[in-house]
Amino acid sequence: MKKKTINWFLVGIVCVAGFFRLWKLGQVPASPDWDEVALGYNAYSILKTGRDEYGTWFPLVLRSFDDYKPPLYAYLAILPVAAFGLDTWAVRLPSAVAGTIAVIGVYYLTKELFEKEDDTARQKLPYIATLLLALSPWHIQFSRIAFEANVGVTLNIWAVTLFLKGMKKGKFLIGSAFLFGLGLYAYHSERIFLPLLVLILALLYRREIWKTRRTAILAIVVGFITVSPLIRVMFDQNSLMRLRGTSSLTDQTGLLARSVTKLEQDKASGNVWGVLFDNRRIVWAKTLVSGYLSHYSLKWLYLAGDNPRHHAPDMGLLYLVEMPFFFWGLYRMVTGWRRSSSVVIGWFLIAPIAASPTTELPHAIRSLVFLPTFQIITAIGIVHFISWVRSARKFSGILFVTFIAIFGFNIVYYLHMYYGHMDVEYSQYWQYGYKDAVDFVAAHQSQYQKVVVSTKLEQPYMFFLYYLRYDPVNYLASGGTASGGFAEVRNRFGIYEFRPIDWANEVKDKKTLYIGLPAEIRGTTVKTIYNLDGSEAMKVSDG
Amino acid sequence: MSKVTRIVSFLIVLLALFVRIYRVAAIPPSLSWDEVSIGYNAYSILKTGTDEHGRFLPLDTFVAYGDYKPPLPIYLTIPSVALLGLSEFAVRLPSIVAGVVTVFVVFLMIRELFGFSGVGETLGLLTSFLLAISPWHIQLSRAAFEANIALLCIVSGVYFVLVSRRFGRIRYISFLPFVAAVYTFNSARYFAPVLVVALLYYCRKTLGRYKKELFLGVIIAVLALLPIAGHLVSKEARLRFNEVNIFTDSSIVTIANARMAVDGSAWWSDMLHNRRIGYARSYLMHFFDNLEPWFLFVRGDGNPKFSLQDVGQLYLIEAPFLILGILYLLRDYRGIAGFLLFWIAAAIMPAATARETPHALRIENSIIPWYIFISYGIQSALRNISKEKNRWVAMGIGILYVASFSYFWHNYMQHYGTEYSGEWQYGYREAIAVIQPLKQNYSRIVMTENIGRPYMYVLFYEHRDPKQLQNQITATFDAAGFYNVTGLGQYTFVKELNSFEQNVLYVLPPAQVPPKARIVSTIHLLNGDPALVIFDI
């Protein structure tokens with residue numbers, strides 16, 4: 001009896017999680033960005049032809065804009081795209097569902113993790129951690145867009161949960177190994193993060209693993225089989241190029257300028273220490289450590305966030321009111337160290353490693369694998385806060401009401417900013433305007449022989465393929481994508497041409513339609529497309 | 001104090017003195033405009049009893065450039081200027097001494113805080129040592145920064161109040177160091193009283209018995225504050241604050257209004273998009289700027305005057321010990337940990353109202369608790385390890401510290417001066433030296449204001465007699481309250497110049513030199529870039 005009522009709590013939390021992940025999925029964020037349309041269209045293309053936009057048959061890596069995306073998300077999107085058509089909400093659906101499944105996972109994860117720690121307060125812990133993830137601004141943000149990273153988080157949570165279950169019942173280990181392997185298909189960061197996480201778990205649970213060593217070996221084999229198709233891809237030159245493209249160590253001249261000047265000075269003045277201290281290896285090491293540490297910025301986490309696409313206006317990645325409880329929880333975990341502390345804090349410490357050699361740090365997506373450690377640690381703080389409130393008998397009522405009120409205000413504020421204001425304030429960051437542009441072109445197509453779209457609009461060909469639902473068969477027959485990012489000027493299909501617009505030298509014969517940034521189009525404007533805050537996004541002109 | 005402790009603490013103080021005084025006249029490479037101003041005003045008081053503006057022994061504030069400098073640092077500079085003359089070393093000496101004394105007083109303070117048993121003594125020595133080699137504290141001790149003297153006042157104040165738990169008579173004067181801090185540095189004016197309240201709360205059990213003495217102590221402190229009280233509430237004191245504070249930022253109101261419009265001005269919208277929420281958020285952002293990992297551990301303050309840009313305010317290796325230290329101190333000495341955390345927050349709070357954050361100088365008062373946490377972190381890390389491994393780990397930490405300090409020291413001594421001489425107003429001193437033998441050949445000397453406050457460098461390096469000053473100087477106070485000097489005897493100071501005359505010696509930046517100029521000399525920054533060109537027509 002008792003068990004059943006408790007489970008209703010979980011169902012309630014999952015409903016909350018599902019609601020905030022599915023409600024207005026197609027409209028908030030205002031527009032799919034380039035990565036979302038690329039994943040959507042590639043799913044569509046694989047669905048119709050078995051090939052991606054480049055004509056690769058069932059790809060294990062999506063070349064896309066030469067950023068070589070991990071493939072899992074595109075395959076997951078095939079089903080909703082087949083069922084509901086190539087619609088933004090359908091493309092985002094796998095992420096929303098994965099996000100909801102992750103919330104369920106946290107319940108079982110915390111339950112397994114803290115099971116043996118027979119503190120009565122711990123009974124509340126799984127519910128609080130689950131609720132925190134259900135309402136987490138960081139998790140909601142990436143559960144509502146078609147990015148690869150969020151599916152990876154779900155796989156992490158379930159892989160670890162099954163691993164912990166496997167410590168009692170061996171067979172769960174096999175499922176765990178499969179999910180760990182699958183994680184490598186989900187997102188770049190996972191390829192560094194997961195091996196480290198497995199290593200930590202293996203060390204912490206080496207005794208239990210030794211006891212079920214026969215199943216463990218089977219699990220390792222399953223894991224290897226899952227990963228084996230990927231091995232060739234991961235060491236492929238092109239995939240590694242993406243790493244170089246986003247690495248903070250790539251710009252050697254900029255990075256090393258100061259140390260080179262210093263070395264010259266040392267040589268001129270005969271200072272032998274210079275070889276040691278003004279060494280470029282020190283600069284590299286400092287850059288990496290600095291990148292790593294940048295993810296422990298309280299300002300970034302609780303107040304500001306990074307790229308506007310990664311958070312709601314005025315919000316960080318976590319609720320500001322969570323901060324004291326996070327520290328309280330951290331204090332409890334560190335001073336009363338147990339194996340659960342090793343798992344959670346180990347996870348917490350390796351999370352930003354994959355992101356640390358990259359640029360634009362701190363980065364909310366590349367470090368998304370932090371989730372759900374923040375929520376678990378914060379939940380521990382809240383649990384201890386609640387038992388402390390109970391002991392303060394005289395004031396416990398007031399304290400509890402204040403706590404709920406402040407938390408409630410922060411949550412309402414976030415939800416309001418997310419659903420009520422983010423579209424208006426941030427639509428331009430979401431590459432808003434393509435839908436209007438394509439609708440306009442489709443309505444007036446008959447009047448023009450050619451449509452030229454400026455590549456300054458950032459990967460326009462993909463947005464046109466996506467919104468036109470252009471038949472992948474035709475697209476591939478005309479050659480597919482000529483190249484992604486760098487040589488994109490050669491891209492064309494149907495009457496559409498994608499290249500830089502040079503207004504002075506264009507033909508302007510009234511038979512050609514030009515679409516570009518407001519600054520690029522200097523002729524008569526037949527249509528102006530506005531961002532949701534009223535600023536100009538694009539202009540359409542026929543000469 | 002055991003013999004070992006005495007020797008070790010003496011060695012630490014010696015080390016602190018060495019790293020603060022070694023080649024201090026040459027690195028930082030030049031006196032900044034604030035330093036020459038402090039030096040010359042001290043000289044002026046010494047010679048005439050009045051400041052550069054002719055005010056007799058100002059006790060509230062020195063008008064200086066219109067930035068209203070706190071008085072105590074200038075008075076403290078008088079003895080060294082009297083002994084050593086107007087020189088770089090003389091101006092910087094008070095800050096160096098304050099830095100070295102701080103290193104020792106910190107040891108005494110921690111012993112009072114943690115008790116005279118083992119923990120207090122080793123923690124005191126360790127913290128004292130870490131402060132002695134701290135990049136943050138070394139950097140600010142090697143130039144005449146008021147904040148560094150204020151730090152000594154604050155630490156001494158905390159020490160006095162803690163000691164007054166045991167020694168009765170000190171209760172009457174235990175607040176005076178805090179009063180001195182108010183006379184020393186602007187940020188301390190908010191910080192000192194707040195810390196005193198926190199300190200009394202921390203000591204409430206032991207000091208609660210001596211209400212009468214404490215009350216008298218407060219009366220004495222208030223009396224000591226009377227001379228400056230008028231200035232603290234004056235318009236001038238607020239002027240500088242208003243210029244730099246975040247609450248004058250109108251964009252927050254604009255955004256709030258735009259959001260209410262989007263919500264159709266519903267009744268609840270006013271609550272959510274209240275401008276006070278916007279300002280609170282902005283304040284918190286500036287507050288947490290001071291806790292950014294890159295600021296604390298990697299690059300330090302973006303202003304090269306306050307940091308090398310090569311190491312953080314703290315050493316990188318101190319990051320894990322800081323976290324451990326906070327957590328373990330909270331477990332083992334919750335009262336002390338709470339007091340120290342409050343100390344950090346209170347030291348950052350006034351600095352967070354300003355636009356330029358993080359700011360290593362304005363939050364220098366937080367430096368002591370940082371190092372106590374770090375030392376405690378190191379201690380507890382070692383305590384948690386078995387005795388056999390203990391020695392090796394301690395040695396490892398030691399090696400990391402030697403490496404970190406050497407890296408800092410190499411960059412400071414070898415490269416800092418060269419790389420950032422421009423940040424230290426380098427050039428006027430060199431130009432004035434070149435001009436001296438040529439002066440009588442010209443009717444006028446025209447000097448650029450580009451580097452900043454040239455008249456003060458002329459006063460300082462020509463050892464101008466403060467008695468003659470009022471007849472020679474041509475100056476006005478502008479609308480913003482700044483003191484603009486356009487002429488000083490033979491000298492004229494200009495921002496830009498379009499026509500050039502004969503028989504005039506010009507000292508201008510390279511970009512303003514006309515083609516027909518006859519160049520006498522070019523002053524280069526230490527990194528080789530030309531800074532000033534001396535020429536005539």
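This is a predicted model: local features need pLDDT of at least 70, side-chain atom pairs count only at pLDDT 80 or more; totals for chains, interfaces and linings use all residues.

**Stop 1: where the chains meet**

Colour chain A and chain B separately and look at where they touch. On the chain B side, 37 residues are in contact with 38 residues of chain A. Together the two chains bury about 3400 Å², and 63% of that is on carbon and sulfur atoms. There is charge here too: seven salt bridges run between chain B and chain A. Count residue pairs in polar contact between the chains, with both residues at pLDDT 80 or more, and you get 24.

**Stop 2: two bridges between the chains**

Show the side chains of Glu425(A) and Arg259(B): they form a salt bridge, 2.7 Å from N to O.

Next, select Asp310(B) and Arg258(A), whose side chains meet in a salt bridge at 3.3 Å, N to O. This pair crosses from the loop between α16 and α17 of chain B to helix α13 (residues 252–269) of chain A. Arg258(A), at 30%, counts as partly exposed.

**Stop 3: a bridge within chain A**

Move to Glu36(A) and Arg92(A), which form a salt bridge of 2.7 Å, N to O. The two sit 56 residues apart and link distant parts of the chain, with Glu36(A) in helix α2 (residues 34–49) and Arg92(A) in helix α4 (residues 88–114). Glu36(A) is buried at 1% relative accessible area, and Arg92(A) is buried at 0%.

For a contrast, jump to Arg331(B) and Asp332(B), another salt bridge, at 2.8 Å from N to O. Here Arg331(B) is partly exposed at 38%, and Asp332(B) is partly exposed at 31%.

Back in chain A, select Lys450(A), Arg492(A), Glu497(A), Arg499(A) and Glu506(A) together to see a network of salt bridges. Over all chains, the salt bridge count comes to 40.

**Stop 4**

Select residues 373–391 of chain A, which make up helix α19. Its 19 residues reach 28 Å from first C-alpha to last, close to the expected 27 Å. Of those 19 residues, 15 are buried, so α19(A) is largely enclosed by the rest of the structure.

Now go to helix α21 (residues 428–435) of chain B, which is also largely enclosed, because six of its eight residues are buried. The buried ones are Tyr428(B), Arg429(B), Glu430(B), Ala431(B), Ile432(B) and Ile435(B).

**Last stop: Ile13(A)**

Finish in helix α1 (residues 2–22) of chain A, where Ile13(A) sits. With 9% relative accessibility, under the 20% cut-off, Ile13(A) counts as buried. What does Ile13(A) contact beyond its neighbours within four places in sequence? Show Val103(A), Tyr127(A), Thr130(A), Leu131(A) and Ala134(A). To get a sense of scale, draw a distance from Ile13(A) to Ser228(A): they are 38 Å apart, C-alpha to C-alpha, and 215 residues apart in sequence.

How values were computed: Residues are numbered from 1 along each chain as its sequence is written. Chains are lettered from A and ligands numbered from 1 in the order in which they are written. Side-chain values use heavy atoms; hydrogens and water are left out. Contact means heavy atoms within 4.5 Å. Buried area is the accessible area (1.4 Å probe) that two parts lose on being put together, summed over both. A salt bridge is a side-chain nitrogen of Lys or Arg within 4 Å of a carboxyl oxygen of Asp or Glu. A polar contact is a pair of N or O atoms within 3.5 Å; within protein, one must be able to donate a hydrogen and the other to accept it, and residues adjacent in sequence count only if both atoms are side-chain atoms. Helices (H or I, at least four residues) and strands (E, at least two) are DSSP runs, numbered from the N terminus. The expected span of a helix is 1.5 Å times one less than its number of residues. Buried means under 20% relative accessible area, exposed over 50%, partly exposed in between (1.4 Å probe, protein chains only).
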